[in-house]
Amino acid sequence: MTLTLDLARKLADLCLDRAREMNLKPLTVAVLDASGHLKVLLRQDGTSLLRSEIAQGKARGAIGMGLGSRALYNRAQEQPYFIQAMNTIAGGSLVPVPGGVLIRKDGEIIGAVGITGDTSDNDEACAVAAIEALGLQADGG
């Protein structure tokens, strides 16, 4: 299964629906395909300047490492030199904090959602809810 534009758009919309239900701060949502290319980027009114890059960095890190960004965060605590090296290789675009969630279908990675704007835990919760609402598997790490 590939991550189509239609599916990516549905995921992003569901993320923002969940954020409204939770009464969160304004979010930015990035949906990337399995090769790390941006499919959809949505920014709620009131988001700050760097949020687009942060959302993409969370998703890109998850895709690039094959791990949800919570696992990257944990790895950064245990082996900061490793995550620093990976961030250097990634041109500084890796954001190793929760909120980058892999999208799996039958175990295969088909993309990732990256969210930023509220707490990292809330960002991640919105991504997980959206992915699971469409019958896919969420892997936050």
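Ala12 counts as buried because its relative accessibility is 0%, where buried denotes under 20% relative accessible area, exposed over 50% and partly exposed in between (1.4 Å probe, protein chains only). The model is predicted: local features need pLDDT of at least 70 and side-chain atom pairs count only at pLDDT 80 or more, while totals for chains, interfaces and linings use all residues. Residues are numbered from 1 along each chain as its sequence is written, and side-chain values use heavy atoms, with hydrogens and water left out.

Ala12 lies in helix 1 (residues 5–22); helices (H or I, at least four residues) and strands (E, at least two) are DSSP runs, numbered from the N terminus. Leaving aside residues up to four places away in sequence, Ala12 touches Val29, Val31, Val40 and Leu42, a contact being heavy atoms within 4.5 Å. Between Ala12 and Lys39 the C-alpha to C-alpha distance is 10.0 Å, at a sequence separation of 27 residues.

Helix 1 comprises 18 residues and reaches 26 Å from its first C-alpha to its last, close to the expected 26 Å at 1.5 Å a residue; the expected span is 1.5 Å times one less than the number of residues. Its buried residues are Leu7, Ala8, Leu11, Ala12, Cys15, Leu16 and Ala19. An α-helix has 3.6 residues a turn, so residues three or four places apart point the same way. The cover over the buried residues of helix 1 includes strand 1 (28–33), strand 2 (38–43), strand 3 (100–105), strand 4 (108–116) and helix 5. Just after helix 1, Asn23 takes a positive phi of about 60°.

Helix 5 (residues 120–133) contains Asp123, which counts as buried because its relative accessibility is 1%. With residues up to four places away in sequence not counted, Asp123 touches Leu27, Lys58, Gly99, Ile115, Thr116, Gly117 and Asp118.

The protein chain as a whole has 5 helices and 5 strands, in the order α-β-β-α-α-α-β-β-α-β from the N terminus on. Its radius of gyration is 13 Å, close to the 14 Å that the globule rule gives for 141 residues, so the chain is as compact as a globular protein of that length; the radius is taken over C-alpha atoms, and the rule is 2.2 Å times the number of residues to the power 0.38. Along its principal axes the C-alpha trace spans about 40 × 35 × 20 Å. Buried residues make up 45% of the 141 residues. Of the contacts between residues at least 6 apart in sequence, 65% join residues at least 24 apart.
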